[in-house]
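Open the model in a viewer and keep the selection tool at hand. The tour below moves from one selection to the next.

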Amino acid sequence: MRNFRRLGALLLTALMIIGTTNTTAFAADVSQNNESNVITKPETVYEFEITPEMVNADGSGIMPMSTIDQSFNMTTSHTGSTRTYYGNTLRYGISVTDANGNAVDNIVAIRLYRSNGSLVSEDQVWCNGGQYVREAPISSGSAYYFKYLLAYGTTRTLKVHMYIMSY
């Protein structure tokens, strides 16, 4: 059972990283309308396992998952909105670059606070465009907010892409 949980967490992490990766698409110049120029999109099917942590305590069904996907710019600090999350764990993926999407040698500290201002967790990530995934324990139905601080490097405008999911 423990291995299934780890495998599920690994698959979910891989899906989060794939889902937040930027790609560039180029359109082809189509001068004739024939069968060879038709591109079909394959269907994607996601499979996941429902674990005991995902089910309400009274057994009435699956708990709702809160998912947020956002980008914003910051210079030296930024405080996010206070949100209520359901579940026992908050997983977030973060990628930081300069305002133009280039890797820089800065470090940003990401702090998670309860709505009363008490610190839950703190992590630091390089602003190199890499995808970092972190987790923090939460109390279901409680309100939290993130605070982002420039921890190292030259003051500049940084672009932060954050993906937050509770389960």
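**First stop: a salt bridge**

Select Arg134 and Asp123, whose side chains meet in a salt bridge with 3.7 Å from N to O. Arg134 belongs to strand E7 and Asp123 to strand E6, so this pair links distant parts of the chain, 11 residues apart. Arg134 is partly exposed, at a relative accessible area of 24%. The model on screen is a predicted one.

**Two further salt bridges**

The structure holds 4 salt bridges. For another of them, select Glu122 and Arg111: their side chains meet at 3.4 Å, N to O. Glu122 sits in strand E6 and Arg111 in strand E5 (residues 107–114), so the pair ties together parts that are 11 residues apart in sequence. Glu122 is partly exposed, with a relative accessible area of 35%, and Arg111 counts as partly exposed at 25%.

Next, select Arg91 and Glu135, a salt bridge whose closest N and O atoms are 2.1 Å apart. Here strand E4 supplies Arg91 and strand E7 supplies Glu135, so parts 44 residues apart in sequence are tied together. Are the two partners buried or partly exposed? Arg91 counts as buried at 2% relative accessibility, while Glu135 is partly exposed at 41%.

**The whole chain**

Of the 167 residues, 29% are buried. The chain exposes about 10800 Å², with carbon and sulfur atoms supplying 50% of that area. Among contacts between residues at least 6 apart in sequence, 78% join residues at least 24 apart.

**An open sheet**

Colour strands E1, E9, E4 and E7. These 4 strands form an open sheet in the order E1-E9-E4-E7, with antiparallel pairing. Its edge strands are E1 (67–74) and E7 (132–137), each of which pairs on one side only. Neighbouring strands of the sheet are turned by 20° against each other on average, direction ignored.

Now look at E1 beside E9 (residues 158–166): 8 bridges join these antiparallel strands. Within this stretch, select Gln70, which stands opposite Met162 in E9.

**Two buried residues**

Move to Thr89 in strand E4. Thr89 is buried, with a relative accessible area of 17%. Leaving aside neighbours within four places in sequence, its contacts are Glu135, Ala136, Ile138, Met165, Ser166 and Tyr167. Thr89 and Met165 are 76 residues apart in sequence, yet their C-alpha atoms are 8.4 Å apart in space.

Then select Ser121 in strand E6 (residues 119–126). Ser121 also counts as buried, at 14% relative accessibility. Not counting residues up to four places away in sequence, Ser121 touches Tyr92, Ile110, Arg111, Leu112 and Ala136.

**Last stop: aromatic rings**

How many aromatic pairs does the structure hold? There are 6. One of them joins Tyr92 and Phe146 edge-to-face, at 5.0 Å centre to centre and 70° between the planes. Tyr92 lies in strand E4 (residues 89–98) and Phe146 in strand E8 (residues 142–152), so the pair ties together parts 54 residues apart in sequence. Tyr92 is buried at a relative accessible area of 1%, and Phe146 is buried at 4%.

Ring pairs link Phe72, Tyr92, Phe146 and Tyr148 into a cluster.

Definitions and conventions:
Residues are numbered from 1 along each chain as its sequence is written. This is a predicted model: local features need pLDDT of at least 70, side-chain atom pairs count only at pLDDT 80 or more; totals for chains, interfaces and linings use all residues. Side-chain values use heavy atoms; hydrogens and water are left out. Buried means under 20% relative accessible area, exposed over 50%, partly exposed in between (1.4 Å probe, protein chains only). Contact means heavy atoms within 4.5 Å. Accessible areas come from the Shrake-Rupley method with a 1.4 Å probe; for residues, only the protein chains shown count as cover. Rings of Phe, Tyr and Trp (its six-membered ring) pair if their centres lie within 6.5 Å; planes under 30 degrees apart count as stacked, over 60 as edge-to-face and the rest as tilted. Two strands pair if DSSP finds at least two bridges between them. Axes are lines fitted to C-alpha atoms, for helices over the stretch in contact, and angles run from 0 to 180 degrees between N-to-C directions.
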